[in-house]
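Please look through the sequence and the model with care before reading on.

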Amino acid sequence: MTSLDRDEYQHLISHALIQQDWHKAHDISLESLLYFKDDGELQYIQGSICAHLKQFDEAVHWLSKGIATGLDSLYPAAFQLGLIHLTSGNNEKAHDAWEVLNELAVNHYFYLFSQGMTQLVSNEFEKAQFNIEKGLSLNDDFPSINNDMEIALARINAILGQRSEERFSRNAETDLVC
């Protein structure tokens, strides 16, 4: 039996994360789940840490378990789970994970991010760019998710820039032919 309670574990995990010691946070979080195995918030934390460490199968396991158990952080967990599925090529599973985000207002950053990422994989780049930029402007709560969305936005901007250059090049060739 542990002499630490749930809040003390969360404090130790937070302290490790502040120090950017993700492996230590992972170990402490995993230990906490030995004693508080049905705690959805601790499962969500473990899933988030695993995602950061690129342990995606483990992240999916813990995030899914946390969502099923019930947690206060349902929307961030659902978004993160969907993002992992999407980047793994499981678009349908991403859509399923993000279904709960439809409960949010259409101007909520998680709703906008999920829409933008769905549009990105559907090659609707302008719509994706708009929704992700709008979500970034609204999200002050989860900077790490903003980092992921900025990476996606850079990819979209590169694609749109390349398309613009191709159009410019075609127009220039047309102008020369005339």
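**A walk through the helices**

Glutamate 31 is partly exposed, with a relative accessible area of 36%, where buried means under 20% relative accessible area, exposed means over 50%, and partly exposed lies in between, using a 1.4 Å probe and protein chains only. Helices here are DSSP runs of H or I with at least four residues, numbered from the N terminus.

The model is a predicted one, in which local features need pLDDT of at least 70 and side-chain atom pairs count only at pLDDT 80 or more, while totals for chains, interfaces and linings use all residues. Residues are numbered from 1 along each chain as its sequence is written, and side-chain values use heavy atoms, with hydrogens and water left out.

Consider next how helices pack. Helix H1 (residues 6-18) packs against helix H3 (residues 40-52) at an angle of about 20 degrees, and their axes are 11 Å apart; such axes are lines fitted to C-alpha atoms over the stretch in contact, and the angles run from 0 to 180 degrees between N-to-C directions. H1 and H3 are therefore roughly parallel, since angles under 35 degrees count as roughly parallel, over 145 as roughly antiparallel, 65 to 115 as roughly perpendicular and the rest as oblique. On the H1 side the contact is made by Arg6, Gln10, Ile13 and Leu17, and on the H3 side by Glu41, Leu42, Ile45 and Ile49, where contact means heavy atoms within 4.5 Å. These residues divide into five nonpolar, one polar and two charged, with Ala, Val, Leu, Ile, Met, Phe, Trp, Tyr, Cys and Pro counted as nonpolar, Asp, Glu, Lys and Arg as charged, and the others, Gly among them, as polar.

H3 also meets helix H4 (residues 56-69), and here the axes come within 7 Å and cross at roughly 160 degrees, so that H3 and H4 are roughly antiparallel to each other. Among the residues that meet are Tyr44, Gly47 and Ala51 in H3 and Phe56, Trp62 and Leu63 in H4. By class, this contact of H3 with H4 has seven nonpolar, seven polar and two charged residues.

Two loops deserve a careful look at the backbone. Most residues other than glycine have a negative phi. Glutamine 20, however, has a positive phi of about 60 degrees although it is not a glycine, and it is found in the loop between H1 and H2, where it is exposed with a relative accessible area of 55%. Lysine 54, in the loop between H3 and H4, likewise has a positive phi, near 65 degrees, and is exposed at 61% relative accessible area.

How far apart should the ends of helix H5 be? At 1.5 Å a residue, its 14 residues (74-87) should span 20 Å, and its end C-alpha atoms are 20 Å apart, which agrees; the expected span is 1.5 Å times one less than the number of residues. Because 11 of these 14 residues are buried, H5 is largely enclosed by the rest of the structure, and the buried ones include Pro76, Phe79 and His85. H5 is followed by glycine 89, whose phi is positive, near 85 degrees.

Finally, asparagine 146 lies in helix H9 (residues 143-177) and counts as buried at 11% relative accessibility. Leaving aside residues up to four places away in sequence, asparagine 146 touches Phe113, Leu136 and Asn139.
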